[in-house]
Amino acid sequence: MNYKTRGTCSTMIHFDLDENKCVHNLSFEGGCNGNLGGISKLVEGMPAQKVIDTLEGTRCGFKKTSCPDQLAKALKAALES
């Protein structure tokens with residue numbers, strides 16, 4: 001899945017969901033490479049719903065969203081499709 005982010009330094013999120021709805025191959029375009037690379041490693045193989053529950057609503061400074069929050073939105077969209 002490819003998801004265009006809104007309101008963040010990263011511009012795109014790429015990931016796969018397996019038959020058990022677990023996250024694989026997560027990557028971000030743009031943003032803070034170290035932080036987003038770390039998030040990618042941490043969520044590898046996790047159930048998408050657990051990632052959503054953990055990251056949804058995370059804010060970056062004064063922004064109403066963040067890269068982790070955008071990931072939660074991307075995963076929600078994938079689960080709903």
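Predicted model: local features only at pLDDT ≥ 70, side-chain atom pairs only at ≥ 80, totals over all residues.
Residues are numbered from 1 along each chain as its sequence is written, and side-chain values use heavy atoms, with hydrogens and water left out.

**Figure 1. The protein chain as a whole follows the pattern β-β-β-α-α-α along its sequence.** The chain has 3 helices and 3 strands (DSSP runs numbered from the N terminus: helices are H or I with at least four residues, strands are E with at least two). Its C-alpha trace spans about 35 × 20 × 20 Å along the principal axes. Of the 81 residues, 37% count as buried (under 20% relative accessible area, with a 1.4 Å probe and protein chains only).

**Figure 2. Helix α2 meets helix α3 in a left-handed crossing.** Left-handed here says that the near helix is turned anticlockwise from the far one by less than a right angle. The axes of α2 (residues 48-55) and α3 (residues 67-80) come within 9 Å and cross at roughly 145 degrees (lines fitted to C-alpha atoms over the stretch in contact, with angles from 0 to 180 degrees between N-to-C directions). From α2, the contact takes in Ala48, Gln49, Val51, Ile52 and Leu55; α3 brings Pro68, Asp69, Leu71, Ala72, Leu75, Lys76 and Leu79 (contact means heavy atoms within 4.5 Å). These residues divide into 9 nonpolar, 1 polar and 2 charged.

**Figure 3. Thr65 sits in the loop between α2 and α3.** Why does Thr65 count as buried? Its relative accessibility is 9%. The side chains of Thr65 and Gln70 are joined by a polar contact of 3.0 Å (a pair of N or O atoms within 3.5 Å; within protein, one must be able to donate a hydrogen and the other to accept it, and residues adjacent in sequence count only if both atoms are side-chain atoms). Beyond four places in sequence, Thr65 touches residues including Arg6, Gly7 and Thr8.

**Figure 4. Ser66 also lies in the loop between α2 and α3.** Ser66 counts as buried because its relative accessibility is 4%. Which backbone oxygen does the side chain of Ser66 reach? That of Thr58, at 2.8 Å. Leaving aside neighbours within four places in sequence, Ser66 is in contact with Thr8, Thr58, Arg59 and Cys60.

Conventions:
Nonpolar A, V, L, I, M, F, W, Y, C, P; charged D, E, K, R; others polar. Buried < 20%, exposed > 50% of the residue type's maximum accessible area, 1.4 Å probe, protein only.
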